[in-house]
Amino acid sequence: MGQPLMQVTDLKKHFPVKVGSAGLRTGGMVRAVDGISFSVDEGRTLALVGESGCGKTTTARVVLRLYTPTEGSVELNGRDINELEGADLRWFRANVQAVFQDPWSSLSPRMRVSGIVSEPLVVNRSVTKNESRQEMMAALERVGLKSWHSELFPHEFSGGQRQRIALAAALITNPKLVVLDEPVSALDVSVQAQVLNLLQDIQDELGTSYLLISHDLATVRQVADRVAVMYVGQIVEEADAGTLFADPKHPYTQALIDSALPIHPSQRRDVVVTGETPSPLDAPSGCPFKTRCPFVMEICDVMPESRPVGAGHFAACHLY
């Protein structure tokens, strides 16, 4: 295990719900992220997984400083990112980049590839025009594109190529951390494999850390070193990827893996989950999974603490 690069501690992000014809009154609070802690190590990949609405993307947006946390902290190299200003803020933006789900909507259709890829460097670093172009060409080559691609527009590329352009733009500043928000879910399966292999090659070459946001456990299994499972704004289990997929402890994780990654019938856990995911606006007291858990007990009315269930393996469940 490497040194922690980013440390997230007791992070909460709540959104007030506005009611009334003019939206002037507050009608409750959406607890999108409700007290989570995790770290991303240098040169490693941490995956946040869970169903839609569990809080993964909100967490990513807080990490990127697109949202201000309600409580808690996010530190990069020991520096609280929400206290950075001026040159320190440019340092953060150069060192934390993002690749989003849809390469079509995340790339400006009015800019040539040369402008899209070089923009993060020009905005966050002091470089000459010649240096910017050299770095832009190197970034395109790193992701498997040609120099002549720089003069084209995004609509002239396939989906996989557009995601490579987005990755080149994210890598041009040599960031310490890249947030990958469902980076291959909009791509064909064969193209997904190419992009995932490219991400792995880049990490091996540059030592880049990744925070991977995904609901696709097959993708997570291929690229993640460590996995944190989210449910209704909370992390219910965290472990090294191999351990989590081989021996999940939390009933939600067991059901998630059984449904998404079928294994040999003799090894199935047959954890049957019924009902719908609770709304973060009206989450149940105590364990958030108690309304769907087949092992629910009286003590589940009390919020379980995350506790060790093995080496580097933690689960928030009263079964342990």
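Start by selecting helix 6 (189-206), which gives the most to the lining of the second largest cavity, with three residues. Keep in mind on this tour that you are looking at a predicted model.

Helix 6 and strand 8 (209-214) each supply at least two of the lining residues. The space inside comes to about 40 Å³. Colour the lining by class and you will find six nonpolar, two polar and no charged residues.

Next, move to the largest cavity, which holds about 60 Å³ of space. Select His250, Pro251, Cys287, Phe289, Cys293, Phe295, Met297, Cys300, Cys317, His318 and Leu319 to see its lining. Here the classes are nine nonpolar, two polar and no charged. In total, the structure has three cavities of 30 Å³ or more.

Your next stop is helix 1 (residues 56-63). Is this helix enclosed or open? It is largely enclosed by the rest of the structure, because six of its eight residues are buried. Select them by name: Lys56, Thr58, Thr59, Ala60, Val62 and Val63.

Now for some charged pairs. Side chains of opposite charge can pair when their charged atoms come close. There are nine salt bridges in this structure, and here are some to visit.

- Select arginine 79 and aspartate 88, whose side chains meet in a salt bridge at 2.8 Å, N to O. Arginine 79 is partly exposed, at 29% relative accessibility, and aspartate 88 is partly exposed too, at 35%.
- Select aspartate 247 and lysine 249, where the closest N and O atoms are 3.1 Å apart. Aspartate 247 is partly exposed at 38%, whereas lysine 249 counts as buried at 19%.
- Select aspartate 301 and lysine 290, whose closest N and O atoms are 2.8 Å apart. Both lie in the loop between helix 9 (251-260) and strand 11 (307-310), so the pair ties together parts that are eleven residues apart in sequence. Lysine 290 is buried, with a relative accessible area of 17%.

For a last stop, select Arg226, Glu238 and Asp240, which are linked in a network of salt bridges.

Conventions
Residues numbered from 1 in each chain as written. Predicted model: local features only at pLDDT ≥ 70, side-chain atom pairs only at ≥ 80, totals over all residues. Heavy atoms only, no water. Buried < 20%, exposed > 50% of the residue type's maximum accessible area, 1.4 Å probe, protein only. Helix = DSSP H or I, 4+ residues; strand = E, 2+ residues; numbered from the N terminus. 1 Å grid on protein atoms, 1.4 Å probe; cavity = no way out; pocket = protein on both sides within 12 Å on 5 of 7 lines; lining within 4 Å. Points joined across faces, edges and corners; volume = space filled by probe spheres on them. Nonpolar A, V, L, I, M, F, W, Y, C, P; charged D, E, K, R; others polar. Salt bridge = Lys/Arg side-chain N within 4 Å of Asp/Glu carboxyl O.
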